[in-house]
Amino acid sequence: MSAVANRELTMNPSKKPPAKAASGRKAVITWLVRLGAIGCFVLILLYFAVMAPGFLSFYNAMNVVEQSAILGVLAFGMSAVIIGGGSDVQTGGIDLSMAAATGLCAAVFASMLNAGFPTPVAFLATLATGLVVGLLNAIAVVRLNILPLLATLATMNIVAGAELILTQNTVLPVTSDFTADLAMGTVAGVSFLAWSLIAFTFLMVAVLHFTGFGLRLYAVGGHPEAARAAGIGVGRYLTGTYLFSGACAALASVLLISRLSASTPGTGELLLSILAAALLGTVFSRRFVPTAGGTLLSTLFIGFLANGFQLLNVSSYWVNGVQGALILLVVAATSFAKPSER
Amino acid sequence: MASGNDLAIDMRGISKSFGVVKALADADLKVRRGTIHGLVGQNGAGKSTIIKVLAGMLKPDAGEIVINGQSVSRLTPANVEKLGVHFIHQDRLLVPTATVGEAIFLKNEPGFGFFVNHRSMARRAREMLSQYFDLEIPAGTLVQDLTTAQQKIVQITRALAQNASVLVLDEPTAALVKREVDSLFRVLRRLRDDGIAIIFISHYMQEIEDLCDEVTVMRNGTDVGVIVPRETGIDEIVRMMINRDVGDMFPKRSGAIGAPVLKVSNLSLSGHFEDVSLQVNAGEVVGITGLLGSGVKELIHCLFGLEKADGGNITIEDKPARFATPVSAVSQDVALVPEDRRAHGVALGLSVRENISLASLKRYSRNGFVSRSLENAAVDGFIRELSIKTPQRDALVKTLSGGNQQKVALAKWLSCQSKVYVLDEPTVAVDVGAKVEIYNLLNRLAAEGAAILFMSSDLLELIGVCDRILVIYRGELTHEFNAGEVDSDRLLSAASGARAPADRSAA
């Protein structure tokens with residue numbers, strides 16, 4: 001029937017199995033990407049250390065830590081969202097509304113204080129504002145199943161609009177003892193702002209890396225189906241991360257007001273730095289996921305970057321460009337090094 | 001012979017319907033403690049439905065379930081594990097970025113209060129792996145860096161860490177090589193001897209015979225018998241699995257077979273298949289089959305340009321062909337009917353007419369303009385031939401039923417009038433009537449001189465439609481049959497490696 005010429009069919013079914021050679025190469029690529037990224041950080045810092053006078057001084061370093069407190073608190077919130085939602089750039093967890101939420105929270109805090117409410121009441125109202133924004137995100141992502149990228153983009157605009165309505169796009173100056181103490185006070189020679197970053201870092205390290213909760217949060221982000229199969233309530237964890245990022249925005253807004261003694265428009269511009277800090281932090285983990293330590297390091301790196309530009313008298317507009325480029329680099333490199341399923 | 005107390009799993013009279021389709025009808029599954037129990041049946045026989053009922057994922061319409069002597073009225077995925085029944089899923093449900101210890105103890109982490117003791121978690125994981133399975137894995141190794149077999153073992157260890165009394169393994173060997181299969185079997189036998197009941201689902205008949213103490217055979221949604229494979233042998237199982245009364249589904253065809261068109265020589269893709277050579281002639285329908293994980297899917301994907309082969313070459317009419325992407329495959333006169341037609345096949349927002357003519361607009365064009373009358377005639381032809389149930393040819397595809405959407409996708413690819421057609425499971429999820437229409441269409445294409453490579457898991461269909469049938473087993477082309485000289489028993493045996501048939505039909 002078939003006029004086919006001789007066919008080379010091997011009949012022994014026990015021929016050597018196809019090997020799995022690709023994993024070794026992947027491991028090398030992973031190392032190269034991480035070393036390259038960390039090497040980049042070190043080189044940039046070295047450049048500043050050599051070129052910028054006073055960059056390495058203790059006073060300057062403390063100043064940077066202090067400046068980084070606000071960004072750090074926000075970056076930890078973003079990290080939690082990325083951990084729980086997965087670090088896939090397109091479909092993973094992300095909260096674009098964080099910077100706008102910080103602006104709204106700051107506006108709420110400032111106007112409450114100016115209206116004469118006691119500080120604790122104003123603080124609770126601010127926290128509630130942050131949590132409401134988080135809840136909005138959680139409903140959109142968990143209940144309505146909207147991609148986080150899109151859902152939080154929408155809330156970002158809602159929240160930014162609300163801030164404009166509240167402040168009429170003006171600066172709301174704040175004079176209160178509480179915020180003044182927060183800005184000026186020191187313990188053991190270290191400012192409250194710096195302490196708040198240190199304390200927050202310890203809290204994050206403990207929760208993310210030493211509790212079952214943290215482990216399960218990573219599992220939810222790493223493989224939601226597997227987490228569900230292990231009996232973990234995936235939706236509840238995700239909701240928790242967005243509520244947490246909202247709370248972080250509220251805390252950051254209080255720190256922001258104490259530093260600026262006012263609620264100012266334009267807080268939304270923080271978004272790029274928050275994203276950069278949370279995403280750059282992933283190169284410090286061999287799993288390419290955000291970690292408490294990684295987020296702290298990249299937050300400080302971004303702080304030093306801005307600081308170094310200042311000391312070199314380079315326009316601060318450049319910082320945005322460099323942060324954007326770093327995000328692109330890190331995202332491209334990690335997606336290249338990530339082991340691909342299928 | 002099995003007393004009631006002896007049973008770890010006792011499912012009686014389970015029925016489950018989806019709409020009008022009866023997936024399970026009065027099916028029983030009884031598994032004794034300390035045995036390995038095989039569960040076999042063709043696709044659609046009800047295997048996965050009964051397992052989903054046991055997993056609490058589906059609620060049965062009728063029937064009773066007793067687990068370890070305890071009658072369970074309401075099974076849920078949450079409480080079934082508490083009853084000691086654990087499932088080793090076919091797709092490895094492990095977090096790729098977790099360490100081995102984290103994967104084993106997730107949700108049951110050792111530690112104090114909220115806090116996890118990472119050191120003790122890693123130590124216990126290492127101890128369990130080494131004690132049960134002689135597997136030495138460094139504590140910090142990430143799941144994604146393990147081999148498939150190791151991941152399977154981590155999954156089993158996870159179940160053991162939660163005191164499993166029943167393990168359900170769904171196609172656990174599909175992606176494993178021989179050596180890994182052997183070591184997995186050693187593990188399973190050891191667990192059986194420790195008194196654990198194991199339900200083992202596999203298409204590989206040889207494995208069923210080697211491993212299982214008892215086998216439940218399912219067909220058409222019910223259990224048709226329980227067999228002790230060591231006494232009866234696997235031929236009996238295969239006979240019970242296959243429904244023999246096949247209607248006159250397959251249209252007869254006669255046509256001359258011409259010169260070779262598609263030639264594949266020594267094609268390899270590391271990890272999937274090796275040194276596969278085959279040839280399809282003009283006017284010939286060649287079937288190709290293999291079990292899940294045999295590499296046949298990847299082979300077809302290479303011909304589609306969805307995956308890139310490591311070695312070997314493909315020629316079309318003696319011209320070397322390079323299929324880097326599906327686009328380049330199509331441009332080289334190869335028509336592809338991918339399996340995932342919803343994803344690669346139809347544009348739901350376009351009309352039936354647009355979908356069908358999309359890939360072949362050139363054929364309906366005169367001087368660069370589409371001739372609507374030519375196009376309409378061709379589209380109407382397909383609607384008639386495939387009995388696509390659509391109100392009119394300009395109806396949007398998304399308004400059609402799923403089966404009819406599939407037919408539109410098929411028509412789109414078949415309208416290209418190519419020299420070579422590669423079809424990947426073209427009749428899956430299509431009703432019987434439409435299947436016959438698809439067979440007729442293939443016959444017509446072959447009669448017009450096309451070379452057709454037809455991948456299918458439906459063995460009866462292959463025998464009915466093809467001139468020759470090729471079998472891929474564990475990454476190698478091991479058998480070739482002339483369709484007239486083979487029955488589904490032998491084909492299934494070949495695909496599942498049950499025995500090496502002494503005769504290989506003339507090549």
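Among the contacts in chain A between residues at least 6 apart in sequence, 76% join residues at least 24 apart. Two residues are in contact here if their C-beta atoms, placed from the backbone, lie within 7 Å. The model is predicted, so to read along, note that local features need pLDDT of at least 70 and side-chain atom pairs count only at pLDDT 80 or more, while totals for chains, interfaces and linings use all residues. Residues are numbered from 1 along each chain as its sequence is written, and chains are lettered from A and ligands numbered from 1 in the order in which they are written.

Chain A has 13 helices and 4 strands; these are DSSP runs numbered from the N terminus, with helices being H or I of at least four residues and strands E of at least two. Of its 342 residues, 45% count as buried, a label that asks for 20 or more other C-beta atoms within 10 Å of a residue's own, C-beta atoms being placed from the backbone.

Now to the core. A nonpolar core is a set of buried Ala, Val, Leu, Ile, Met, Phe, Trp, Tyr and Cys residues joined through C-beta atoms within 7 Å. The largest one holds 245 residues, of which L74(A), I274(A), L167(B) and I452(B) touch the most other members. Helix α10 of chain A (residues 234-260) gives the largest share of this core, 15 residues. Leaving aside residues up to four places away in sequence, I452(B) touches several residues, among them V280(B), Y421(B), L442(B) and A446(B).

Chain B carries an open sheet of 6 strands with mixed pairing, in the order β6-β9-β10-β3-β11-β12; two strands pair if DSSP finds at least two bridges between them. Because β6 (85-88) and β12 (222-227) of chain B each have a single partner strand, one side of each is left without a neighbour in the sheet. The twist from one strand to the next averages 20°, where angles run from 0 to 180 degrees between N-to-C directions and axes are lines fitted to C-alpha atoms, for helices over the stretch in contact. Helix α5 of chain B (residues 148-161) packs on this sheet, touching β6 and β9 of chain B, and its direction makes about 170° with that of β6(B). Helix α9 of chain B (residues 234-241) lies across β3, β11 and β12 of chain B, at about 20° to β11(B). β11(B) and β12(B) form a hairpin with 2 residues between them, and N220(B) in the turn has a positive phi of about 50°.

A second open sheet in chain B has 4 strands in the order β14-β13-β16-β17, with antiparallel pairing. Its edge strands, β14 (273-281) and β17 (319-321) of chain B, pair on one side only.

Here are some strand pairs from chain B:

| Strand pair | Sense | Bridges |
|---|---|---|
| β11(B) and β12(B) | antiparallel | 5 bridges |
| β3(B) and β11(B) | parallel | 4 bridges |
| β16(B) and β17(B) | antiparallel | 3 bridges |

Back in chain A, the axes of helix α2 (residues 58-85) and helix α8 (residues 212-222) come within 5 Å and cross at roughly 60°. That makes α2(A) oblique to α8(A), since angles under 35 degrees count as roughly parallel, over 145 as roughly antiparallel, 65 to 115 as roughly perpendicular and the rest as oblique. I83(A), G84(A) and G85(A) in α2(A) meet L217(A), Y218(A), V220(A) and G221(A) in α8(A).

Terms used
A residue is buried if 20 or more other C-beta atoms lie within 10 Å of its own, exposed if 12 or fewer, and partly exposed in between; C-beta atoms are placed from the backbone.
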